Amino acid sequence: MLSIYNSLSKQKEEFIPLNPDHVKFYSCGPTVYNKIHIGNARAFISADLLSKVLKGIYPKVTYVSNITDIDDKIIKAAKEENLTIKELTKKYFDLYMQDIGLIGINPPDIQPFATNFITEMIEYIERLISLEKAYEIDGNVLFRVNAFKNYGCLSGRKIDEQEHGKRVEIESYKENENDFTLWKPSQKDEPGWDSPWGYGRPGWHLECSVMSEITLDIPFDIHGGGNDLKFPHHENEIAQSCACNGLDNARDFAKYWVHNGFLNLESEKMSKSLGNVIYIEDLIKEYKGNHIRLALLSTQYRQPIPWSKTLLDQAKTISNKISDFIDKNEFVEPKFIASTNIAAALFDDLNTPKAIRIMQDFVQDSKFIKDEVATFKYIFEGSTQDTTIDKNTIQEIEKLINERNQARIDGDYVLADKIRDKLSKMNVSIKDVDGKTEWKI
Ligand SMILES: [Zn+2]
């Protein structure tokens, strides 16, 4: 029923899960060193959309999205803000959770933090070295790209092509200029861990190979991320995971590779006045979460979004019109109904603009079809929050809800109930609807 575009085959394919009783999806999450902007939000909303559709179809779906909490950009930002790495990553993780919540993005089922997997990453590197897929030199460990014969299978870049005509000086310690870092040395005043290769820290590509394998087992169904991650990040993940597990084919690591398009700031005025970066926390002063959500979903996820104030204003008008129509009729719980026209549009490579048009036509013709409305609400009406509530309060509530959801995933119902009590003491009532927690003050 569902077809998605697979970047590996460069065509739309029917989605056939490895195990229909448990569908597994991994998407690359944020590096938590600054606030997320609207361009970042596009990748997260695309993953959220796919996970919602999968959860609407299959009885059990595990959606994993990692948190990169060690990285050169983090080290630099911590110095600039005069915070420890832990303080900085906590601050921006909390802001990330708050911002995605404002536009109706559900937290992933599992959010592994890179720094909680250092031991496993070291073991992974040791395995690659023992298989002669990686080599150590002066405290650096590098992946030997020539050791994976299908390198380039996702991006189409071949090792020879990249070498040809390039005038970049190869770092002296590399056997091949495309060899990439699995481990690098840290200075004494930088964060690091002891390893067989000295005090250092892992390379970024490694964390997704290790954490996807540990949280989902391989092969899993879908690996997602932004177009910009295809090369080198995903190409390198494929090389590591296949090399480490004796696999030749990227599909034996993850069967479908899904990538979202960019978001382009259209209006010069808009990008100038906002310093070329638009933050959710600024947009939310003027627009509701649902307006921003609809604007982001008004373009199919693979196409570039020409982002402008006009687009946002149009989304606001459409969203309000649809909400008014729905509110005038009886209350319908959000729910994904596979037999609807809206679901049919989504089954065609997540065609959200078509789904929105279908709903607009129902409004135009005053046709209130409960199943269609339920499906529309499930996908497009993520946010129920009153944005006049103080930001810190929202942040605290979101944090507690996430902790409660994690406790429920872990089976710790005593803790989950305690958090619920705490929320009710804050006059927050919560309601669990279709795996999503809604709250009201
Ligand atoms: Zn990744």
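Modeller: Residues are numbered from 1 along each chain as its sequence is written. The model is predicted, so local features need pLDDT of at least 70, side-chain atom pairs count only at pLDDT 80 or more, totals for chains, interfaces and linings use all residues, and side-chain values use heavy atoms, without hydrogens and water.

Biologist: What makes strand 9 and strand 10 a pair?

Modeller: Two strands pair if DSSP finds at least two bridges between them. Strand 9 (residues 220-226) and strand 10 have 6 bridges and run parallel, so they pair. Strands are DSSP runs (E, at least two residues), as are helices (H or I, at least four), numbered from the N terminus.

Biologist: Why are strand 4 and strand 10 said to stand at the edges?

Modeller: The open sheet has the order 4-3-9-10. Strand 4 (61-65) and strand 10 (254-260) each have a single partner strand, so one side of each is left without a neighbour in the sheet.

Biologist: What makes Cys28, Cys208 and His233 donors of the zinc ion?

Modeller: Donors are N, O and S atoms within 2.8 Å of the metal (3.2 Å for Na, K and Ca). Cys28 (SG), Cys208 (SG) and His233 (NE2) lie at 2.1 to 2.2 Å, so they qualify. Water is not among the atoms, so sites may look incomplete.

Biologist: Why does the pair Cys28 and His233 tie together separate parts?

Modeller: Cys28 lies in the loop between strand 3 and helix 1, and His233 in helix 7 (residues 230-245), so the pair links parts that are 205 residues apart in sequence.

Biologist: How do you know whether Cys28 and His233 are buried or exposed?

Modeller: Buried means under 20% relative accessible area, exposed over 50%, partly exposed in between (1.4 Å probe, protein chains only). Cys28 has 9% and His233 has 1%, so both are buried.

Biologist: Why is helix 14 called mostly covered?

Modeller: In helix 14 (residues 370-380), 9 of its 11 residues are buried. Among them are Phe376 and Tyr378.

Biologist: What makes the space of about 90 Å³ a cavity?

Modeller: On a 1 Å grid over the protein atoms alone, a cavity is a set of points where a 1.4 Å probe fits but cannot get out. About 90 Å³ lies in the largest cavity. Of its 14 lining residues (an atom within 4 Å of a point), those closest to the centre include Ser46 and Asn260. Helix 1 gives the largest share of the lining, 4 residues.

Methods: 1 Å grid on protein atoms, 1.4 Å probe; cavity = no way out; pocket = protein on both sides within 12 Å on 5 of 7 lines; lining within 4 Å. Points joined across faces, edges and corners; volume = space filled by probe spheres on them.
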